[in-house]
Amino acid sequence: MKAKIFENRIVLVTGGSSGIGNEIARQYATCGAKVFLADIQPAKKDFPFEFIYTDVSSVESVSNLFKEIRKRVDHLDILINNAGISEFHPLEEMTVEYWDKIINTNLRSVFLCSQAAISLMKHQEACSIVNIASTRAFMSESDTEAYSASKGGIIALTHALAVTLSKYNIQVNSISPGWIVTGNFDALRTEDHKQHPSNRAGKPSDIAQACLYLTTPGNNFINGSNLTIDGGMTIKMFYEE
Ligand code: NAP
């Protein structure tokens, strides 16, 4: 039985219907929070989430999301900007439409939702925004330009927001997950796990627990930071054999 440390807290999780976002939403709900989900697909009905259809890449849809939230509650305590798409195209074939789709879904959405959330958060004692970036903000495989740029942008946007929103006691941090298995964890090979210094790949609960930590009332001395959660993969040095 989890302590109800988020009792009466109101949380919005974008992209909360599946994967990492759904686990984040479940953990807040388990700890007593009222949770709104903003996603392009409905969540399974196993938790009493309030679902609002939202395409975070659309200015109109984000505006509608916050109009809907305002009809139902008068404030917001925690915003988790999690929605994102992981798509990779060969650089030389990449179109500007593809570039815009990734940047608008992964990065512009964080600006839009954070900006829209301010008026619901600024009268609270302490509120918190957590942006889900990626270790791909810091290191790359080939042909990942749009995704990597979107995630690097989130890291920079996070520290800018933390400074700007300090006047309202809104704390802003990011989390950079490494390989988080949202499907069948048991389908991974031993070498998939063993390449991590932690000897395993990640689970959505690893990221959800970090969200709870960053947004726990009283933990507001962590601000403008990025928390890398990747089982140690980005601190590992590789030399050709
Ligand atoms: P996921 O399983 O695909 O879940 C993302 C959710 O967001 C899905 O419900 C998805 O709907 C929804 N979504 C997609 N586009 C949307 C839009 N325009 N507006 C609103 N909702 C939208 O992804 P995940 O693996 O949990 O990833 C969550 C976040 O973590 C993303 O920002 C991702 O970049 C980041 N991340 C993940 C990993 C990882 O290894 N899993 C690693 C680093 C960072 P559909 O299913 O219909 O697309």
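## Ligand and helix exercises

A backbone N or O atom of valine 56 lies 3.0 Å from a nitrogen atom of the ligand. The model is predicted: local features need pLDDT of at least 70, side-chain atom pairs count only at pLDDT 80 or more, and totals for chains, interfaces and linings use all residues. Residues are numbered from 1 along each chain as its sequence is written, and side-chain values use heavy atoms, with hydrogens and water left out.

**Exercise 1.** Find which side-chain atoms lie by oxygen atoms of the ligand.

*Solution.* Start with aspartate 39. A polar atom of its side chain is 2.8 Å from a ligand oxygen atom. Go on to glutamine 41. An N or O atom in its side chain lies 2.7 Å from an oxygen atom of the ligand.

**Exercise 2.** Describe how helix 1 and helix 6 cross.

*Solution.* Locate helix 1 at residues 19–30 and helix 6 at residues 204–215. Helices are DSSP runs (H or I, at least four residues), numbered from the N terminus. Take the axes next: they come within 8 Å and cross at roughly 50 degrees. Helix 1 and helix 6 are therefore oblique to each other. Last, list residues. Among those that meet are Ile20 and Ile24 in helix 1, and Ile207 and Leu212 in helix 6. (Contact means heavy atoms within 4.5 Å.)

Key. Polar contact = N/O pair within 3.5 Å; in protein donor to acceptor, adjacent residues only side chain to side chain. Axes fitted to C-alpha atoms, helices over the stretch in contact; angles between N-to-C directions. Helix = DSSP H or I, 4+ residues; strand = E, 2+ residues; numbered from the N terminus. Parallel < 35°, antiparallel > 145°, perpendicular 65-115°, else oblique.
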